[in-house]
Structure formats: C-alpha cells, structure tokens
Amino acid sequence: MDKLVKISNKHKMIGEYQSLNKLSELSGLSLDVLVKMIQEASELENDDAQLILAKLHFYGDFVPANMEKAFSLFDKLAAKGNAEAHFVSIFLVILIFPIF
C-alpha cells in the first residue's frame with residue numbers, strides 16, 4: 001500500500017481519473033483492484049480515499065453512479081473542513097433542492 005501511495009502522490013497533478021489509469025499501469029494492478037483498495041481505505045476513514053470515491057460515485061466512473069453515496073461522502077468530508085467537498089455539497093443541495 002505504501003508503494004501505491006508514493007506512486008499516487010507522484011501523479012496527483014494528472015487528475016484522479018488519469019492518475020488511476022497511470023497508477024494501474026505503474027503498479028501492475030488492475031483498475032478493479034485499485035478501486036477496491038480505495039473503497040477499503042475509505043471505510044478506514046481515509047479522507048483522500050473518501051474524496052476520490054465520492055467523485056467516482058458522482059460521475060459513475062469505475063463504480064456505479066450513486067448520488068446518495070457521493071453526497072454522503074462529500075458531506076462527511078465537508079464537515080471535516082474539506083473545502084472541495086464543501087463546495088460540491090452545496091452544489092448538490094442546490095441541484096437537488098433548487099431555490100427558483
């Protein structure tokens with residue numbers, strides 16, 4: 001897992017999705033295995049993994065689209081002070097409950 005974290009950190013500037021593909025290529029692990037590792041890290045309360053998993057569920061990339069799961073993860077991270085998750089949570093609330 002430490003090797004994957006180092007490789008992942010090295011390629012963060014590529015973006016999560018391209019990074020997952022690159023991480024798969026560099027590590028020799030399949031995307032399915034990487035997503036499973038992200039899910040396991042998310043269950044262990046890893047904030048980075050939760051943010052990536054929230055985005056995967058939001059867009060339906062590598063996992064089935066699940067807005068409830070995405071919102072739950074974004075909201076949980078926003079409560080911890082994650083600015084990106086806070087922004088997305090507000091966006092989703094406006095999308096779900098439009099003011100106008």
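Which residues does Gln50 touch, not counting residues up to four places away in sequence? In this predicted model, where contact means heavy atoms within 4.5 Å, Gln50 touches Ser42, Glu45, Leu73, Lys76, Leu77 and Lys80. Residues are numbered from 1 along each chain as its sequence is written, and side-chain values use heavy atoms, with hydrogens and water left out. Because the model is predicted, local features need pLDDT of at least 70 and side-chain atom pairs count only at pLDDT 80 or more, whereas totals for chains, interfaces and linings use all residues.

The chain holds six helices and zero strands, helices being DSSP runs of H or I with at least four residues and strands being runs of E with at least two, numbered from the N terminus. Of its 100 residues, 34% are buried, a class defined by a relative accessible area under 20%, with exposed meaning over 50% and partly exposed in between (1.4 Å probe, protein chains only). Among contacts with a separation of 6 or more, 37% are made by residues 24 or more positions apart.

Gln50 is found in helix 4, which spans residues 47-59 and reaches 18 Å from its first C-alpha to its last, close to the 18 Å expected at 1.5 Å a residue, the expected span being 1.5 Å times one less than the number of residues.

The structure holds five salt bridges, each a side-chain nitrogen of Lys or Arg within 4 Å of a carboxyl oxygen of Asp or Glu. One of them joins Lys76 and Glu45 (3.3 Å, N to O); Lys76 lies in helix 5 and Glu45 in the loop between helix 3 and helix 4, so the pair ties together parts that are 31 residues apart in sequence. Glu45 also forms a salt bridge with Lys80, at 3.7 Å between the closest N and O atoms. Glu45, Asp47, Lys76 and Lys80 are linked in a network of salt bridges.
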